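Hello,

Please have a look at it first and then read on.

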Amino acid sequence: MAATNGGRPSLFPTVLYADAKAAIRQLTEALGFTELSVYEGEDGSVVHAELVQGNGAVMLGSKGRGGVFDTAMKDAGPSGVYVVVDDVDAHHRRAAEHGAEILMPPTDQEYGSRDYMARDLEGNLWSFGTYAPEIPG
């Protein structure tokens with residue numbers, strides 16, 4: 001896993017799921033995320049959740065709750081998110097051991113990164129690799 005430096009990320013991929021609780025289980029157990037917060041509605045749906053990986057985070061929730069974001073995302077296709085990790089091979093082993101659908105095994109890229117790609121239970125693509133571009137300050 002990438003080192004956690006704390007602080008506040010300025011970019012949060014956001015994904016909605018038909019079964020957000022199953023997504024949280026898969027993302028934490030198979031793909032190495034850590035649950036930061038989960039807020040549930042009275043009906044048991046996930047109103048808002050935050051999962052962290054390294055010094056970044058993803059926000060997610062249940063589809064069908066209404067509101068502007070849910071309505072706008074209604075017909076959206078799967079999302080793709082790239083996550084930086086220190087040990088791609090160990091991360092891949094964990095994902096495979098937990099039954100994640102692996103689309104590409106760990107592969108050395110010509111631009112210097114080592115990556116692998118998995119698909120979650122609802123079709124979103126998660127790429128994990130060593131590529132971490134420096135963002136000028």
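Serine 37 is buried, as its relative accessible area is 13% (buried means under 20%, exposed over 50%, partly exposed in between, with a 1.4 Å probe and protein chains only). Please keep in mind that this is a predicted model, where local features need pLDDT of at least 70 and side-chain atom pairs count only at pLDDT 80 or more, while totals for chains, interfaces and linings use all residues. Residues are numbered from 1 along each chain as its sequence is written, and side-chain values use heavy atoms, leaving out hydrogens and water.

Serine 37 sits in strand S2, residues 34-40 (strands are DSSP runs of E, at least two residues, and helices runs of H or I, at least four, numbered from the N terminus). Apart from neighbours within four places in sequence, serine 37 is in contact with His48, Ala49 and Glu50 (contact means heavy atoms within 4.5 Å).

Now to the rings. There are 4 aromatic pairs (rings of Phe, Tyr and Trp, the last by its six-membered ring, with centres within 6.5 Å; planes under 30 degrees apart are stacked, over 60 edge-to-face, the rest tilted). Phenylalanine 33 and tryptophan 126 are edge-to-face, because their ring centres are 5.3 Å apart and their planes at 75°. Phenylalanine 33 lies in the loop between helix H1 (20-29) and S2 and tryptophan 126 in strand S8 (residues 125-129), so this pair ties together parts 93 residues apart in sequence. Ring pairs join Phe33, Tyr116, Trp126 and Phe128 into a cluster.

Best wishes
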